[in-house]
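Hi there,

Here is the structure we talked about handing over. Have a look at it first, and then read on for what turned up.

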Amino acid sequence: MLIESVVRFVVAALCSAAGIALLLRSGLAWRIAMDEPNHRSLHVHPIPRIGGWGVVPAALLCGVWTGGGIWLSGGVLVLAAVSYFDDRWGVPSALRLVLHLCVAGLCLGGVLGWPSLVLLVGLSIAVAWGINLFNFMDGSNGMAGGMAVSGFLAYACSAALSGESGLAFASVALAGASTGFLLFNFPRGRVFLGDAGSIPCGFMAGALGIAGWAAGVWPGWFPVVVFAPFIADASVTLGRRIWRRERFWEAHRDHYYQRLVRSGFGHVRTAMVYYSVMILCAGGALLAVNERGASRAVTIASCFAAIFALGLWIDCRWRTHNARTGVKI
């Protein structure tokens, strides 16, 4: 399984990178979808939003189709198609959310053998949140791509150790395809992932996490710890905006990673800080799976303590930055 997984990772990375390079060299990248700078952007020049056009086909080709099952593959294709329309022309947020919930429900129902309605609704909401938090966190060079590589590699390692080849191949293909995209997104953002890339990645993070839990590959907390850097940032930011009675459904740039970039830390250093926490959480989750009792609790708590410390540091830096610039918080 190890050799085949490595081959799938490499092939997915090469296919993804080749697809993006072809779109750039042919000039089609600038016709498909562009990210024009606006009041919430961290970039100043128009950038093609074509990362998903490399990630999704490569992932389907190298693992999701055979390893993730027809239901998950179909969900990826539907979400990628709808998200392309959103990248190009825009789709109302309420309609997007309904579509995310419907696709999550149908795909999870097919994968899990149509469990009870209450369970299916709850899991569908969890996957829909995963879809959107990945989209929320795709706003700085290397951020979403790095989380995809770290998270899906953790899935692949755990699945491989459990002998679940299908789940391992699907996960490693997604990690490889995301690596191919990162070659064009970090350290300099020549292309962005776009909704057509971030939405399918978020969907697969949630769906594969639930599929692994249902198959007994890992406990329910495992995907949460693996993707905790994104879950914590997006969830706390959303909670703050709701508490402040802001229009939380509208685009903004108040996520922790965005504040770190805006405080002068820069895209590259921000990504490297988050990569450290991503690797810590992925490694901690893999260790905790094989631990018991207090040892497991300490490992998991250490991961969340690191995220909490990062949040406090960013808050302090942000307040200091605003005090120097005279900006009221």
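**A glutamate in a loop**

Glu-291 is found in the loop between helix 12 (267–289) and helix 13 (293–325). Helices here are DSSP runs of H or I with at least four residues, and strands are runs of E with at least two, both numbered from the N terminus. Before going further, please keep in mind that this is a predicted model, where local features need pLDDT of at least 70, side-chain atom pairs count only at pLDDT 80 or more, and totals for chains, interfaces and linings use all residues. Residues are numbered from 1 along each chain as its sequence is written, and side-chain values use heavy atoms, with hydrogens and water left out.

A salt bridge needs a side-chain nitrogen of Lys or Arg within 4 Å of a carboxyl oxygen of Asp or Glu. Glu-291 does touch Arg-296 and Thr-299, leaving out residues up to four places away in sequence; contact means heavy atoms within 4.5 Å.

**Salt bridges**

The structure holds nine salt bridges. One of them joins Glu-4 to Arg-8, with the closest N and O atoms 3.0 Å apart. Both residues lie in helix 1 (residues 2–26), four residues apart, about one turn of the helix. Glu-4 is partly exposed at 38% relative accessibility, whereas Arg-8 is buried at 17%.

Another links the side chains of Asp-87 and Arg-49, at 3.2 Å from N to O. Asp-87 lies in helix 3 and Arg-49 in the loop between strand 2 (47–48) and helix 3, so this pair ties together parts that are 38 residues apart in sequence. Asp-87 is buried, with a relative accessible area of 7%, and Arg-49 is buried as well, at 17%.

Glu-246 also forms a salt bridge, with Arg-241, and their closest N and O atoms are 3.0 Å apart. Salt bridges that share partners join Arg-241, Glu-246, Asp-254 and Arg-262 into one network.

The largest nonpolar core has 90 residues. Such a core is a set of buried Ala, Val, Leu, Ile, Met, Phe, Trp, Tyr and Cys residues joined through side-chain atoms within 4.5 Å. Among the residues with the most contacts inside this core are Phe-134, Phe-152 and Tyr-274. Phe-152 is in contact with residues including Met-147, Leu-174, Met-204 and Phe-227, leaving aside its neighbours within four places in sequence.

How many of the 20 residues of helix 8 are buried? The count is 18, so helix 8 is largely enclosed by the rest of the structure. After helix 8 comes Gly-216, with a positive phi near 80 degrees.

Helix 4 (residues 93–112) has buried residues too, among them His-100, Val-103 and Leu-108. Just after helix 4, Gly-113 has a positive phi of about 75 degrees.

Best wishes

Key:
Buried means under 20% relative accessible area, exposed over 50%, partly exposed in between (1.4 Å probe, protein chains only).
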